[in-house]
Amino acid sequence: MRRGAARVDEATPAGRDRAVDALRAFAILGVVLGHWLVTALVADGRALRTGSPLQHMPWLAPISWAFQTLAVFFLVGGHVATKSYASAQARGTTYGEWLTARLSRLFKPVAAVLTLWTVIAAGLLLTGAEYGTVRTLVKLALSPLWFLVVFAALTAATPLLTRMNPLWPLAVVLHVDLLRFGLGGPSWLGWVNVAAGWLVPYTLGAAWTRGELDRRRSGWILLTGGTAVTAALVVWAGYPASMVGVPGAPVSNLNPPTLAAVTFGLAQCGLSLLLRDRLRRAMRRPSAWAAVALVNLSAMTIFLWHQTALMATTATGLLAGRLPGLHTVPDGLGWVAARLAWLPVFVLVLAVCWTAFRSYEQGGRRGGVSRVVRGHRPAGRTRPVEVTRV
């Protein structure tokens, strides 16, 4: 393993910003771990229904602060996409060619998820499973797809967003929430924030590409300002403390995004920018960098299949009866302890899914691990450096 990590480290272009890859890996793993910790499938007779420990133990809301990391992913996505588009323009690549290449990496793994869950849903219904249970399972399995749709739309709009100031989409989010919560406007207005809310960190990523966030002062302003505004919104404006949806709650900070979720994301983006230098130093260790490179290679596979891993474990466990932390109501610390004990099993099942479906993301490349890194363009180069085989 050490020799393999050393080869990956040696093959990585010297000009690659490894902090970008580390932030992307942490964002993906944060979402996965957060879902595994706050999503419960409660066995109720022959049916399964969703539950959450945050529903019964709201004081656990800080868990969502640590693992709701989508803003970091959109920050990195905006930075990488705008940098990639500029590089494509310099090479003479057309917009259509550039967009096709980027979206194919996102959507290749989706076909496998949709095919498998179509077969599973049909099989369950034909064998007499309750419609409500099947709907719950399919909804959880396919819930990550909303993220891909939004991310794909922002990627397609990248040429229009390269110079956009993040304050514009932030102002849209603010006004939407004022209309919804302050003036009693229709609830459907909130869905405008699905685009506007995630535009904020995405356009921050574009500002990062332009060099406007290089000074540490920018990171501190985002971190302190985002934290203070989020705290004020939760304490005085009645926004939920949880940064993820809670079953039965009248308002969700995430579906659709609220102003509190967006300002919280600004704080996360600020912290990410402040940690860049430390991450670059940490990624000099070959073992740490190899692990981050592996996660980045399989980011979409991990993201798309982690809910399936949770449900496969839950369904298999039903053969042994109602197991604590897996099928029981998440209403106490005993459930939390049991769920933590199940995490290694979820990881193992996800590893099986990764082994089976990683080729859909990596294009069936020979040797299993290829295209480990694609260099972010170093200063002074006109073309990106690419490593095609390790």
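Helices (H or I, at least four residues) and strands (E, at least two) are DSSP runs, numbered from the N terminus. The structure is a predicted model, in which local features need pLDDT of at least 70 and side-chain atom pairs count only at pLDDT 80 or more, while totals for chains, interfaces and linings use all residues. Residues are numbered from 1 along each chain as its sequence is written, and side-chain values use heavy atoms, with hydrogens and water left out.

Begin with helix H17, residues 333–362. H17 has 30 residues and spans 40 Å from its first C-alpha to its last, close to the expected 44 Å at 1.5 Å a residue; the expected span is 1.5 Å times one less than the number of residues. H17 has a kink of about 50° centred on alanine 356, where the bend at a residue is the angle between axes fitted to the seven residues ending there and the seven starting there.

Some residues of H17 are buried, among them Trp335, Trp342, Phe346 and Phe357. Buried means under 20% relative accessible area, exposed over 50%, and partly exposed in between (1.4 Å probe, protein chains only). The cover over the buried residues of H17 includes helix H2 (18–38), strand E1 (40–44) and helix H6 (95–126), with contact meaning heavy atoms within 4.5 Å.

Helix H6 has 32 residues and reaches 46 Å, close to the 46 Å expected. In H6 a kink of about 40° lies at arginine 105, shortly before proline 109. Proline 109 is one of the buried residues of H6, which also include Trp98, Leu103 and Trp117. H16 and H17 are among the elements that cover the buried residues of H6. After H6 comes glycine 128, whose phi is positive, near 95°.

Next, the charged side chains. A salt bridge is a side-chain nitrogen of Lys or Arg within 4 Å of a carboxyl oxygen of Asp or Glu, and by this rule there are seven. Aspartate 21 pairs with arginine 16, their closest N and O atoms being 2.7 Å apart. Aspartate 21 is buried at 2% relative accessible area, and arginine 16 is buried at 11%. Aspartate 21 also forms a salt bridge with arginine 24 (3.3 Å, N to O). These two residues are three apart in helix H2, so about one helical turn separates aspartate 21 from arginine 24.

Another pair lies in helix H14 (residues 276–282), where aspartate 277 and arginine 280 are three residues apart, about one turn. Salt bridges that share partners join Arg16, Asp21 and Arg24 into one network.
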